[in-house]
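Biologist: Could you zoom in on one spot in the backbone for me, and then work outwards from there? Take your time and keep it chatty.

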Amino acid sequence: MAGPGGRVPYGCGVKIERLETWVLEAEGPAIEFGAGSYSTFKAMVVAVTTDDGITGWGECIARRGPKVLDSVVRELLWPAVNGRDPHDVEGLWDEMFTLLRPWGHYRGFVQEGMSGIDQALWDILAQAQGIPLYKALGGAGRPAVPVYGSKVYTADPAAMAKQAAETVAAGHTAIKIQLGRSAARDGYRGDIAVVKAIREAVGPKVDIGADVNSAYDAATAIKVCHALAPYDLWFLEEPVYPDDIDGYELIRRSQPIPLAAGESEFGIFGFRELLRRRAIDIVQPDVARIGGFTAAKRLGALVHAHNVRYAPHTGFSCGVAQLASLHLAAAVPNLAKLEWMFITNPLAELFEEPLPQPKNGMLTLPTGPGMGLALDRKRLEKYRVS
């Protein structure tokens, strides 16, 4: 049935028609953290266009092997959505998941590939309605979201304390710092010195989260947490490997600092056991890994039911996932804060205008339809890997 002016309502006859992908890579300053050294920023960006000309954008997390993700999206997932109605976005998510789940591919590259496509489809739906993406997701009455500045990476304690103080002076009311690189030298006493120096530098009112990137074992984490308790950490993130759920459970019940994790998890099933066993206090999904907005929204229901906090992760992602995470943060229940990266990342600014920046610990949502910022294809081509 035609709507006002003879226009066919969106979702009636509109089809997904074209896929474009970009494998991106750019050199940045070397960063030392719990998982090693990182200097080459990588990303895989997806554009999906409908037969009436609306293009939606998404990002697949691509720390390693972005060309693998390109193949997953093009060869495995695209056939499942090509020619379909983008309005059926959640059903298409289920179909992509079911397509490869019987073969054991229900995590990893497959869900990372699904993440980009799903983001793009939600972007299409929001643009078609003429509303910001977070409102298409259901919204949560948040035109702005609280953020924490991330991250003060590994250096000597004085240098880290100086950077932390500068970050707070620039307007952040919460920050994240790096721990977990001092085991070989001093049995993690260096981590304690870092937290002490930073707390003294920023004062008692700033929230400080600390990321270990799985550099501890459970016993070490418990010992360190007791030593860090006087410095009032907001959370300790990924103290052990993401598959060590027993370790998370033991750490959480054996010391007073709240635990955070989730950037390494996939879909609802990856988080189900962590939540069932009350192993974490703050859930940190990455929209470019978990399976896009559909999976992130479904996780929001579990977070609400378990009365824990939701804090979307961004990390080394390019600007597409950072912007998508902002919309996600505006739409989920039990929001704590959104991670907002202040590091130098050449792939962050891929739009025709700059990403929004926080003021006094808050970040205002774009008001345009969909993601709210237009991608700059020249910048995409600049960083494309041939």
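Modeller: Lys151 sits in strand β4, which runs over residues 144-152; strands here are DSSP runs of E with at least two residues, helices are runs of H or I with at least four, and both are numbered from the N terminus. What makes Lys151 worth a stop is the peptide bond that joins Ser150 to it: that bond is cis, with omega at about 5 degrees. Bear in mind that this is a predicted model, where local features need pLDDT of at least 70 and side-chain atom pairs count only at pLDDT 80 or more, while totals for chains, interfaces and linings use all residues. Numbering starts from 1 along each chain as its sequence is written, and side-chain values use heavy atoms, with hydrogens and water left out.

While we're on the backbone, have a look at Ser214, which isn't a glycine but has a positive phi of about 65 degrees. You'll find Ser214 in the loop between β6 (207-211) and α8 (218-228). Ser214 counts as buried because its relative accessibility is 9%; buried means under 20% relative accessible area, exposed over 50%, and partly exposed in between, with a 1.4 Å probe and protein chains only. Asn360 is another non-glycine with a positive phi, this time about 55 degrees, in the loop between β11 (338-341) and β12 (362-364). Asn360, though, is exposed, at 64% relative accessible area.

Towards the end of the chain, Glu381 belongs to helix α13 (residues 377-382). Glu381 is partly exposed, with 41% relative accessible area. Its C-alpha atom is 45 Å from that of Arg252, and 129 residues separate the pair along the chain.

Stepping back, the protein chain has 13 helices and 12 strands. Its radius of gyration is 21 Å, close to the 21 Å the globule rule gives for 386 residues, so the chain is as compact as a globular protein of that length; the radius is taken over C-alpha atoms, and the rule is 2.2 Å times the number of residues to the power 0.38. The C-alpha atoms fill a box of roughly 70 × 45 × 40 Å along the principal axes. Of the 386 residues, 60% count as buried. Take the contacts (heavy atoms within 4.5 Å) between residues at least 6 apart in sequence: 74% of them join residues at least 24 apart.

A search of the whole structure turns up two cavities of 30 Å³ or more; a cavity is a set of points on a 1 Å grid over the protein atoms alone where a 1.4 Å probe fits but cannot get out, and lining residues have an atom within 4 Å of a point. Points are joined across faces, edges and corners, and the volume is the space filled by probe spheres set on them. The largest cavity holds about 40 Å³, and its lining includes Glu238, Tyr248, Glu263 and Leu274. That lining splits into four nonpolar, two polar and three charged residues; Ala, Val, Leu, Ile, Met, Phe, Trp, Tyr, Cys and Pro count as nonpolar, Asp, Glu, Lys and Arg as charged, and the others, Gly among them, as polar. Trp57, Val320, Leu323, Phe351, Met371, Leu373 and Leu375 line it, giving seven nonpolar residues, no polar and no charged.

Definitions and conventions: On a 1 Å grid over the protein atoms alone, a cavity is a set of points where a 1.4 Å probe fits but cannot get out, and a pocket is an open set with protein on both sides within 12 Å along at least five of seven lines; lining residues have an atom within 4 Å of a point.
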